[in-house]
Amino acid sequence: MVEHLHVVPEKPQGPSPWWLKGGAIFIGILGFSSLIGAISLIISGIFMNTMMDDINAEEICQDDPDPDCEVFIESITEISQMPLWDIGAAFSALLFILSIPTAFLMWNAEDRDIALKFAWTWVAIHAISQLYIVHSYLTWMEEFYDSIPFDEMGWVSLFTSISSYGSVLMCELTLAAGLALISYQTRTPTKVEVPSAFHEKEV
């Protein structure tokens with residue numbers, strides 16, 4: 001049992017600033033990726049709407065003997081009209097904008113608490129955006145599979161849902177774990193040390 005605390009006489013060494021700087025670089029890269037994602041979603045949404053405006057299901061399917069032709073066209077029309085493109089692009093743009101002050105504060109490392117609050121906010125918004133995008137896509141995919149007259153499609157839908165949600169969860173937990181490590185490694189040093197019980201001499 002430890003009976004006393006030892007106070008180190010000299011000033012404790014501060015944490016390495018490269019923990020925060022490394023986090024700044026990583027969030028900066030992800031923020032730039034979010035900008036690319038926002039542009040991609042906007043272009044994809046415009047392309048889908050333009051394409052569907054030029055498609056007439058009756059004209060396309062009138063010479064197609066497959067009875068599921070119109071069902072397929074309707075499914076494509078539904079995904080083109082989903083708010084996924086606009087809301088997903090807004091989330092990505094927000095992540096890019098937020099990544100700028102977050103990376104700046106973490107790189108300067110002058111105010112650790114504020115920098116980490118920005119970083120945790122960024123990670124939270126990133127998790128929400130990814131869950132929203134995956135959930136929206138899987139909701140459409142489930143309806144699409146239900147329209148296909150094959151019993152095996154239920155298992156395909158279930159496997160797709162588990163793998164997609166699992167991937168997002170793993171990714172976001174990895175980000176959170178990395179930020180938690182940065183938070184721990186940059187904590188304020190203390191002069192108080194607890195002596196190891198294994199090195200206590202028996203009287």
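Buried, on this tour, means under 20% relative accessible area, exposed over 50%, and partly exposed in between, with a 1.4 Å probe and protein chains only. By that cut-off, buried residues make up 30% of the 203 residues in the protein chain.

This is a predicted model: local features need pLDDT of at least 70, side-chain atom pairs count only at pLDDT 80 or more, and totals for chains, interfaces and linings use all residues. Residues are numbered from 1 along each chain as its sequence is written, and side-chain values use heavy atoms, leaving out hydrogens and water.

**Stop 1: the whole chain.** Show the cartoon. The protein chain has six helices and two strands, in the order β-α-α-α-α-α-α-β from the N terminus. These are DSSP runs: helices are H or I with at least four residues, strands E with at least two, numbered from the N terminus.

**Stop 2: confidence.** Colour by pLDDT, the predictor's confidence in each residue, from 0 to 100. The chain averages 81, and 74% of the residues score at least 70. Now select residues 193–203. Here pLDDT stays under 50, and the model has eleven contacts beyond four places in sequence. Contact means heavy atoms within 4.5 Å.

**Stop 3: the largest nonpolar core.** A nonpolar core is a set of buried Ala, Val, Leu, Ile, Met, Phe, Trp, Tyr and Cys residues joined through side-chain atoms within 4.5 Å. Select Met106 and Trp122, which touch the most other members of this 16-residue core. Helices α1 (18–53), α4, α5 (112–146) and α6 (153–185) each supply at least two of its residues. α5 gives the most, with six.

Stay on Trp122. Leaving aside neighbours within four places in sequence, Trp122 is in contact with Ile27, Leu30, Gly31, Ser34, Leu95, Leu98 and Ser99.

**Stop 4: the largest pocket.** Select Ser34, His126, Ser129, Gln130 and Ile133; of the 14 lining residues, these lie nearest the pocket's centre. A pocket is an open set of points on a 1 Å grid over the protein atoms alone, where a 1.4 Å probe fits, with protein on both sides within 12 Å along at least five of seven lines; lining residues have an atom within 4 Å of a point. Its volume is about 170 Å³, taken as the space filled by probe spheres set on the points, which are joined across faces, edges and corners. α1 gives the most to the lining, with five residues.
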